[in-house]
Amino acid sequence: MYSFACDYLEGCHEEVLKALTETNMEQLPGYGTDRYTKEASDEIRTACQDKAATVWFISGGTQTNQLVIDTMLQPYEGVLAARSGHVNVHEAGAIEFSGHKVLVLPSHDGKVAARDVEDYVKNFYNDENHEHMVFPGMVYISHPTEFGTLYSADELKALSKVCRENHLKLYLDGARLGYGLEADGTDVTLPLIAQLTDVFYIGGTKAGALCGEALVFPGGREPSHFITRIKQHGALSAKGRLTGVQFAALFKGNLYGRICRRGIETGMQIRQIFKEAGCSFYIDSPTNQQFVILTNDEIAALKQYVDFSFWEALDETHTVVRFASSWATTDNGIRQLREAVSCCIHRK
């Protein structure tokens with residue numbers, strides 16, 4: 001049974017595995033001081049067109065989010081995020097566990113609007129009791145969002161402007177960044193993200209790496225003694241080579257972009273399969289995640305042939321489900337899905 005349940009089911013791209021195997025018996029210094037980690041950092045700085053950027057490699061997304069938010073905020077500050085934001089709904093309270101509150105904003109197809117940030121800050125400081133409240137200190141966004149939607153360059157510029165005017169840090173969660181950068185019609189680039197944000201990360205776990213995320217501070221503006229702060233959070237890997245080698249392979253010759261493009265192409269094939277079957281979509285996603293509205297009977301029938309994930313109940317008889325493609329999605333998997341949909345969904 002082929003699975004479209006998420007985009008990190010496989011191990012890693014064969015070129016990444018090859019790099020890990022070929023360097024396996026080399027004796028290298030620890031904690032990210034090896035030459036492969038330096039090479040990866042240099043490749044990322046070049047891709048960002050930011051020679052001063054600092055790059056740190058962390059093992060996973062939730063760990064990265066908690067580390068960034070906790071180290072960049074004052075103890076009395078919280079982070080603004082969309083109601084649907086990952087740090088608000090799918091991280092088991094990791095941010096609150098660190099002592100910082102997630103301050104909820106409206107979700108516009110998964111995105112945060114600059115006007116909502118501006119209104120929140122204005123209302124906060126107009127409240128005479130704000131000294132007794134959690135101060136807004138950062139805006140968290142993800143690109144793509146939890147719904148597979150993308151910010152435009154103008155939307156990011158507006159967010160960056162309002163953040164800088166109000167002394168808020170802008171943090172972009174790039175767990176699926178490769179799929180966002182490779183989506184059709186996008187005008188957002190890696191250099192633009194580096195220009196507009198205070199910190200962001202390039203996801204590897206969901207985009208060809210065995211594990212790991214590349215955390216980037218544009219202009220080298222990370223918190224002081226950051227390596228110490230990483231270790232305090234239990235996020236400093238003794239064998240930093242593991243992520244360094246992987247990202248060096250991913251960014252050599254733009255392998256990262258090329259394999260993420262595969263996720264976009266197969267995501268559009270998934271969309272077309274359901275569109276031809278007469279199905280509706282919960283949201284218009286241009287990326288590798290497709291959210292389809294199916295009857296509960298159709299879901300039960302499809303589950304016998306392919307795997308996918310529950311998203312949310314729509315009404316008593318309909319449910320939103322997610323089909324995720326990735327860099328590793330095969331032609332055979334797409335064929336199995338097409339046959340399953342043809343067998344299980346019959347609409348007039």
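Tutor: A residue is called buried when its relative accessible area is under 20%. The model here is a predicted one.

Student: Why is His143 called buried?

Tutor: His143 has 0% relative accessibility. The cut-off for buried is under 20%, so His143 counts as buried.

Student: Where is His143 found, and which residues does His143 touch, not counting residues up to four places away in sequence?

Tutor: His143 is in the loop between strand S5 (135-142) and helix H7 (153-165). With those sequence neighbours left out, His143 touches several residues, including Leu150, Tyr151, Leu172, Asp173 and Val188.

Student: What kind of peptide bond joins His143 and Pro144?

Tutor: A cis bond, with omega at about -5°. Most peptide bonds are trans. Pro144 is also found in the loop between S5 and H7.

Student: Is Thr23 buried or exposed, and how do you know?

Tutor: The relative accessibility of Thr23 is 8%. Buried means under 20%, so Thr23 counts as buried. Thr23 is found in the loop between helix H1 (14-22) and helix H2 (35-48).

Student: Which backbone oxygen lies 2.8 Å from a polar atom of the side chain of Thr23?

Tutor: That of Ala19. Thr23 also touches Tyr36, Arg241 and Val245, when residues up to four places away in sequence are not counted.

Student: Why does Gln49 count as exposed?

Tutor: Gln49 has 66% relative accessibility. Exposed means over 50%, so Gln49 counts as exposed. Gln49 lies in the loop between H2 and strand S2 (54-58).

Student: What is the phi of Gln49?

Tutor: Gln49 has a positive phi of about 55°, although it is not a glycine. Most residues other than glycine have a negative phi. Asp109 has a positive phi of about 55° and is not a glycine either. Asp109 is found in the loop between strand S4 (102-105) and helix H6 (114-126).

Student: How many helices and strands are there in the protein chain?

Tutor: There are 14 helices and 13 strands. The radius of gyration of the chain is 21 Å, close to the 20 Å that the globule rule gives for 348 residues, so the chain is as compact as a globular protein of that length.

Student: What percentage of the residues in the protein chain is buried?

Tutor: Buried residues make up 55% of the 348 residues.

Technical notes
Residues numbered from 1 in each chain as written. Predicted model: local features only at pLDDT ≥ 70, side-chain atom pairs only at ≥ 80, totals over all residues. Heavy atoms only, no water. Helix = DSSP H or I, 4+ residues; strand = E, 2+ residues; numbered from the N terminus. Buried < 20%, exposed > 50% of the residue type's maximum accessible area, 1.4 Å probe, protein only. Polar contact = N/O pair within 3.5 Å; in protein donor to acceptor, adjacent residues only side chain to side chain. Contact = heavy atoms within 4.5 Å. Rg over C-alpha atoms; globule rule 2.2 N^0.38 Å.
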